[in-house]
Amino acid sequence: MAKLTFLIALLAVLVLAVHASTTLRSRESSCKKQIERANLKHCERHVMQRIQEQEEEEEEGEGEEDRIRKLRGIIKHHHHVVKSLRHRNSQQQQQQEEEEAQEQFEKCCEELNDINSQRCKCRALQQIFENQSQQLEGREQEEQLEREVEKLPRSCGLRPIRGCEVNPDEEE
């Protein structure tokens, strides 16, 4: 009788182990499918655009001097016309870029919101980081990327993802 009880207990443990393994694989598969469906390109473009904007803000002083030199070379009586046209075109272009950036951000937030679990959202953020870090030059840009990716859930109004290491390869 003791052998039978032991065999039944052993069989029950094996069934539970197989079930747990199957459930884990099913969750992993579901998470992977959600991330694939999410089209994270919107988020990738958004974070890269934010990094580019930050770099442009840092370099803004240098760009102003170049523009001033170019304007001095223009014939004096056309100066006001050219300046007016550039200003108008620049404003229109800037407005269009801002609208596109806002649209990218909103689509990114929608896609992140559609991912069900916190664990899968974390994986999605890790994937965004991994995909975009390959395009960067230097540690400083990688750190900027990491900060921008980590800010995404909060910026989108989603719950914070606790314990999520966006850059799991980072050395502590």
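This is a predicted model: local features need pLDDT of at least 70, side-chain atom pairs count only at pLDDT 80 or more; totals for chains, interfaces and linings use all residues.
**Packing of α4 and α5**

Helix α4 spans residues 118-133, and helix α5 covers residues 138-155. Their axes come within 10 Å and cross at roughly 155 degrees. Because angles over 145 degrees count as roughly antiparallel, α4 is roughly antiparallel to α5. The crossing of the two helices is right-handed. On the α4 side, the contact is made by Leu125, Ile128, Phe129, Gln132 and Ser133. From α5 come Glu142, Leu145, Glu146, Val149, Leu152 and Pro153.

**The second largest pocket**

The second largest pocket holds about 170 Å³ of space. Its lining consists of Arg123, Gln126, Gln127, Phe129, Glu130, Ser133, Glu142, Val166, Asn167, Pro168 and Asp169. Helix α4 gives the most to this lining, with six residues. Phe129, Ser133 and Glu142 belong to the pocket lining and also take part in the contact of α4 with α5.

The table sets out both groups of residues by class.

| Group | Nonpolar | Polar | Charged |
|---|---|---|---|
| Contact of α4 with α5 | seven residues | two residues | two residues |

Key: Residues are numbered from 1 along each chain as its sequence is written. Side-chain values use heavy atoms; hydrogens and water are left out. On a 1 Å grid over the protein atoms alone, a cavity is a set of points where a 1.4 Å probe fits but cannot get out, and a pocket is an open set with protein on both sides within 12 Å along at least five of seven lines; lining residues have an atom within 4 Å of a point. Grid points are joined across faces, edges and corners, and a volume is the space filled by probe spheres set on the points. Helices (H or I, at least four residues) and strands (E, at least two) are DSSP runs, numbered from the N terminus. Axes are lines fitted to C-alpha atoms, for helices over the stretch in contact, and angles run from 0 to 180 degrees between N-to-C directions. Angles under 35 degrees count as roughly parallel, over 145 as roughly antiparallel, 65 to 115 as roughly perpendicular and the rest as oblique. A crossing is left-handed if the near helix is turned anticlockwise from the far one by less than a right angle, and right-handed if clockwise. Contact means heavy atoms within 4.5 Å. Ala, Val, Leu, Ile, Met, Phe, Trp, Tyr, Cys and Pro count as nonpolar, Asp, Glu, Lys and Arg as charged, and the others, Gly among them, as polar.
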